[in-house]
Amino acid sequence: MEGEGGVWRVGAPLAEGGFGQIYLAQPRDAGGPDQAPTVAIKAELCRDEDGEAASLLRVERRVYASLAQPAEAERRRFLRLLGWGRVPGRVHWLAMELGGRNLAELKRTLGTDFQFSERSAVSLGLAMLEALDQMHSSGWLHRDVKPSNFCLGRDNRDGLFLLDFGLARRWMDAEGRHRLGRIQCGVRGTLRYASVHVHLGQDMSRRDDLASLAYLLAEQRLGRLPWRRLQDKPTVLDHKAQWAQSVDRWGPATSPAILFLYRHCRALAFADAPDYEALKETIQDSLALLPPPPTKKNHNQIQTNTLHPQTKPYQ
């Protein structure tokens, strides 16, 4: 498969999603067929005879182009885009570096109701917050923050990365101003992690990505969310509204740092900028107060130097 950025040897299918399929691949000049894949190819079927309207991958490529600025590279929370192309009349595709397991896969291997340690959950939160800060700073909302859209690095090492930008939308216009909110929007993203504002039909902004992050982290810490198996939107909204009214609903095991994140995003108006630095400082302070990680491997403990490879583990 040849396109902008190189020529790729495509291998076995890796996963399937709403956009299309993901295949294992490697550069054509990278060695023999027995060499381990280092690339993932995302392919989306064309939606008309002219090969146009591959909307999700087109948005994803635009997001990657924005993220490839030097200011975003100091602590990279995104897999690298390596190339892109089109098979005329058939598929659009993107080539990106291959990541490791996503957090939904990791949790399934540990058990559906598995509870991460507080240190692991809060460390995850710091890495995820860094990713959202970088994406928001580039002018984009993610709009589908959930465990399967975060992955570890290849061989499940080297940090945590934010994935899948097909539902992303600009929150900033060409002049750097916040876009006006649309009236009566449908639910975007995944119902389980959607904010109360999204349930109410309000347009999404940066606060809604952070609300989804708070729900995600609460789930990792508590094992499950009360509305996990529910599909009725009003019932799910009722559960979330009760959580918004009383932090007691979050359970005694929830980290104060996660509650601080939730309270912060709930206090934001539509166009308000989150205070990312205050959020990061609160999470780091919370980590500093926790007991040091055990010397032996603990099955509910993710090593913080894996999530933050460019920093020393928090003690």
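## Overview

Two strands are taken to pair if DSSP finds at least two bridges between them. By that criterion, strands β5 and β6 pair in this predicted model, with 6 bridges joining them in the antiparallel sense. The secondary structure of the protein comprises 9 helices and 10 strands.

Of the 315 residues of the protein, 49% count as buried. Among contacts between residues at least 6 apart in sequence, 64% join residues at least 24 apart.

## The open sheet

An open sheet is formed by 6 strands, and its order is β1-β2-β3-β4-β6-β5, with antiparallel pairing. At the edges lie β1 (2-3) and β5, each of which pairs on one side only. Helix α1 (residues 55-67) packs on the sheet and touches β4 (39-45), β5 and β6. The direction of α1 makes about 35° with that of β6.

Strands of a sheet pair through backbone hydrogen bonds, either parallel or antiparallel. Strand β2 (residues 6-16) runs antiparallel to strand β3 (residues 21-27), and 6 bridges join the two. Opposite E16 stands Q21 in β3.

## The β5-β6 hairpin

Strand β5 spans residues 81-87 and strand β6 spans residues 91-97. Together β5 and β6 form a hairpin, with 3 residues between them. In the turn, G89 has a positive phi of about 75°. The bridge partner of L81 is M96 in β6.

## Packing of helices α7 and α8

Helix α7 (residues 256-266) packs with helix α8 (residues 276-289) at an angle of about 165°, and their axes are 9 Å apart. Because the angle is over 145 degrees, α7 is roughly antiparallel to α8. The crossing of α7 and α8 is right-handed.

On the α7 side, the contact involves A257, F260, L261 and H264. These residues meet A278, L279, T282, I283 and S286 in α8. By class, the contact of α7 with α8 has 6 nonpolar residues, 3 polar residues and no charged residues.

## P274 in the α7-α8 loop

The loop between α7 and α8 contains P274. With a relative accessible area of 6%, P274 is buried, since the cut-off for that class is under 20%.

Not counting residues up to four places away in sequence, P274 touches R206, L210, H264 and L268. Of these, H264 also belongs to the α7 side of the contact with α8. Although P274 and R207 are 67 residues apart along the chain, their C-alpha atoms are separated by 6.9 Å.

## L225 in the α5-α6 loop

L225 is located in the loop between α5 (206-222) and α6 (233-245). The relative accessibility of L225 is 1%, so this residue counts as buried.

Apart from residues up to four places away in sequence, L225 touches R192, Y193, Y215, A218, E219 and W243. L225 and D113 are 112 residues apart in sequence, and their C-alpha atoms are 9.5 Å apart in space.

Conventions
Residues are numbered from 1 along each chain as its sequence is written. This is a predicted model: local features need pLDDT of at least 70, side-chain atom pairs count only at pLDDT 80 or more; totals for chains, interfaces and linings use all residues. Side-chain values use heavy atoms; hydrogens and water are left out. Axes are lines fitted to C-alpha atoms, for helices over the stretch in contact, and angles run from 0 to 180 degrees between N-to-C directions. Helices (H or I, at least four residues) and strands (E, at least two) are DSSP runs, numbered from the N terminus. Angles under 35 degrees count as roughly parallel, over 145 as roughly antiparallel, 65 to 115 as roughly perpendicular and the rest as oblique. A crossing is left-handed if the near helix is turned anticlockwise from the far one by less than a right angle, and right-handed if clockwise. Contact means heavy atoms within 4.5 Å. Ala, Val, Leu, Ile, Met, Phe, Trp, Tyr, Cys and Pro count as nonpolar, Asp, Glu, Lys and Arg as charged, and the others, Gly among them, as polar. Buried means under 20% relative accessible area, exposed over 50%, partly exposed in between (1.4 Å probe, protein chains only).
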